[in-house]
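These are my notebook entries on a single structure. I began with its open spaces and then turned to its strands.

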Amino acid sequence: MKESDFNKATQEDRQKHIVRPYEGVPLTELVPGSLSHLIGGENVTISFLTMKAGSAFELHSHSQEQIMVVIEGYCDEIIEDKMYRVQKGDVIYLPANIKHGAFIREIDCKAIDIFSPPREDYKQKYFEQNKGKKFKFFH
């Protein structure tokens, strides 16, 4: 492979493959106190999530597998009937259909959630709250 074999991407090319979610994707409220910049493809949804201090993400389950990467702050994650303190740098694996939720304590907790297959319910919330906006990368 040689660098000279490739053309520089145009801005139009870039928009097909690259996004800055915190700048280029509107917020969607997933549950009260939890706002996300959502992007997705054919087989995955990614949520750039901010869970506000003092809020909770109620116990729930879904058919998607989930990997959560805490990038700032911390929360107490409930997985089945146990509570785990998770903080910046931790990666949490949640198999499909497992009951989970979270208590967000004194400070906001920011995380990146990856779901496969895609979260159609999140996509629907995105369109309801962001009328006329395209869901980034979803074809």
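**Entry 1: the largest pocket.** I looked up the largest pocket and noted about 280 Å³ of space in it. Of the 16 residues that line this pocket, Gln15, Ile18, Val19, Gly24 and Lys136 are the closest to its centre. Helix α1 (residues 11-17) supplies the largest share of the lining, 4 residues. By class I recorded 6 nonpolar, 4 polar and 6 charged residues in that lining.

**Entry 2: basis of the values.** The model is predicted, so to speak of local features I need pLDDT of at least 70, side-chain atom pairs count only at pLDDT 80 or more, and totals for chains, interfaces and linings use all residues. Residues are numbered from 1 along each chain as its sequence is written, and side-chain values use heavy atoms, with hydrogens and water left out.

For the open spaces I used a 1 Å grid over the protein atoms alone: a cavity is a set of points where a 1.4 Å probe fits but cannot get out, a pocket is an open set with protein on both sides within 12 Å along at least five of seven lines, and lining residues have an atom within 4 Å of a point. Grid points are joined across faces, edges and corners, and a volume is the space filled by probe spheres set on the points. Nonpolar covers Ala, Val, Leu, Ile, Met, Phe, Trp, Tyr, Cys and Pro; charged covers Asp, Glu, Lys and Arg; the others, Gly among them, are polar. Helices (H or I, at least four residues) and strands (E, at least two) are DSSP runs, numbered from the N terminus.

**Entry 3: the cavity.** How many cavities of 30 Å³ or more does the structure hold? I found 1. The largest cavity has a volume of about 120 Å³. Its lining has 15 residues, with Phe57, His60, Gln66, His100 and Asp113 nearest the centre. The elements giving two or more residues to this lining are β3 (45-51), β4 (56-60), β5 (65-72), β9 (100-103) and β10. I noted that β9 gives the most, 3 residues. The lining divides into 7 nonpolar, 5 polar and 3 charged residues.

**Entry 4: the sheet.** I traced an open, antiparallel sheet of 6 strands in the order β1-β2-β3-β10-β5-β8; strands pair if DSSP finds at least two bridges between them. β1 (27-31) and β8 (91-94) stand at the edges with a single partner strand each, so one side of each has no neighbour in the sheet. Neighbouring strands are turned by 30° against each other on average, direction ignored.

β1 and β2 pair over 4 bridges, and Leu27 stands opposite His37 in β2. β2 and β3 pair over 7 bridges and form a hairpin with 4 residues between them; Leu35 has Thr50 in β3 as its bridge partner.

Entry 5: Is Ser34 buried or exposed? Ser34 is buried, with a relative accessible area of 0% (buried is under 20%, exposed over 50%, partly exposed in between, with a 1.4 Å probe and protein chains only). Ser34 lies in strand β2 (residues 34-40). Not counting residues up to four places away in sequence, Ser34 touches Thr28, Glu29, Leu49, Thr50, Met51 and Phe57; contact means heavy atoms within 4.5 Å. In β3, 6 of the 7 residues are buried, so β3 is largely enclosed by the rest of the structure.

Definitions and conventions: Axes fitted to C-alpha atoms, helices over the stretch in contact; angles between N-to-C directions.
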